[in-house]
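Me: I have a chain here that I would like to go through with you, question by question. Could you take a look and walk me through it?

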Amino acid sequence: MGIAEFTGRGAEPDIVLDTGRSASTDTAVWICAIVGMGGVGKTRLPIRAAHRLTRDGLFADVRLWTDLHGFHPEQPPTDPAVVLKRFLRTLGVQAHDIPDDVEERAGLYRARLDGRRALALLDDAADEAQVGPLLPGTPGNLVLITSRRSLAGLDGVTSVPLQVFTSQEALSS
């Protein structure tokens with residue numbers, strides 16, 4: 001499934017897709033950060049890529065998504081412990097088996113993803129500290145992150161900066 005109104009990007013979708021394809025066959029966790037100011041399409045690009053990658057049969061084991069509210073005007077950034085609890089429930093962990101400590105939750109999350117092909121989309125990240133506990137620890141996983149900040153402090157991140165559309169991009173389809 002695609003996004004009907006997706007338009008105007010040149011090389012950026014290919015970079016995200018190539019990162020995803022590399023992640024599906026490589027021996028590392030791949031992280032792709034789509035960065036730019038508010039309103040430039042940071043969320044639509046990874047959603048489109050995620051649909052394309054799963055349609056192509058990649059990351060069929062697990063697909064996770066969350067809005068981290070990193071720059072939400074009325075909500076504080078979502079605590080990684082809260083996201084981990086939701087992800088663990090999605091991965092079949094019973095509520096009473098979820099540890100209270102964020103580090104222990106992150107360890108259990110990583111153990112649940114071990115040996116699986118997972119795609120996690122972390123939308124609107126505030127900073128590296130917020131997404132760090134949400135990163136898988138085993139190869140074959142892809143993390144797509146959107147943020148207004150570069151997130152260059154994440155090891156091995158592929159950064160895809162998005163700019164405001166040119167007039168030609170805005171009119172293309």
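Reply: Gladly! One term before we start: Ala, Val, Leu, Ile, Met, Phe, Trp, Tyr, Cys and Pro count as nonpolar, Asp, Glu, Lys and Arg as charged, and the others, Gly among them, as polar. Please also keep in mind that this is a predicted model.

Me: Does histidine 69 count as buried or exposed?

Reply: Histidine 69 is one of the residues that line the largest pocket, and its place is the loop between β2 (62-67) and α3 (80-90). Its phi is near 50°, a positive value in a residue other than glycine. Buried means under 20% relative accessible area. Because histidine 69 has 16% relative accessibility, it counts as buried.

Me: Which phi value does aspartate 124 have, and where does this residue lie?

Reply: Aspartate 124 also belongs to the pocket lining. With 18% relative accessibility, this residue counts as buried. Its phi is a positive value in a residue other than glycine, near 65°, and its place is strand β3 (residues 118-125).

Me: How far apart in space are glycine 38 and valine 164?

Reply: Glycine 38, another lining residue of the largest pocket, sits in the loop between β1 (30-35) and α2 (44-55). At 33% relative accessibility, glycine 38 counts as partly exposed. In sequence, 126 residues separate glycine 38 from valine 164, while in space their C-alpha to C-alpha distance is 9.6 Å.

Me: Now to the helices. At what angle do the axes of α3 and α4 cross?

Reply: Pro80, Ala81, Val82, Leu84, Lys85, Phe87 and Leu88 in α3 meet Val102, Arg105, Ala106, Leu108, Tyr109 and Arg112 in α4. The residues of this contact divide into ten nonpolar, no polar and three charged. The crossing of α3 past α4 is left-handed. The axes come within 10 Å, and the angle between them is roughly 35°.

Me: Which residues is threonine 66 in contact with, leaving aside its neighbours within four places in sequence?

Reply: Threonine 66 belongs to strand β2 and is buried, with a relative accessible area of 3%. Phenylalanine 87 is 21 residues away from threonine 66 in sequence and 8.9 Å away in space, C-alpha to C-alpha. Beyond those neighbours, the contacts of threonine 66 are Val83, Arg86, Phe87, Leu121, Leu122 and Asp123.

Me: Stepping back to the chain, in what order do its elements run from the N terminus on?

Reply: The secondary structure comes to six helices and five strands. From the N terminus on, the order is α-β-α-β-α-α-β-α-β-β-α.

Me: One last thing: among contacts between residues at least 6 apart in sequence, what share joins residues at least 24 apart?

Reply: The chain has 173 residues, and buried residues make up 45% of them. A contact here means heavy atoms within 4.5 Å. Among contacts between residues at least 6 apart in sequence, the share that joins residues at least 24 apart is 69%.

Technical notes:
Residues are numbered from 1 along each chain as its sequence is written. This is a predicted model: local features need pLDDT of at least 70, side-chain atom pairs count only at pLDDT 80 or more; totals for chains, interfaces and linings use all residues. Side-chain values use heavy atoms; hydrogens and water are left out. On a 1 Å grid over the protein atoms alone, a cavity is a set of points where a 1.4 Å probe fits but cannot get out, and a pocket is an open set with protein on both sides within 12 Å along at least five of seven lines; lining residues have an atom within 4 Å of a point. Helices (H or I, at least four residues) and strands (E, at least two) are DSSP runs, numbered from the N terminus. Buried means under 20% relative accessible area, exposed over 50%, partly exposed in between (1.4 Å probe, protein chains only). Axes are lines fitted to C-alpha atoms, for helices over the stretch in contact, and angles run from 0 to 180 degrees between N-to-C directions. A crossing is left-handed if the near helix is turned anticlockwise from the far one by less than a right angle, and right-handed if clockwise.
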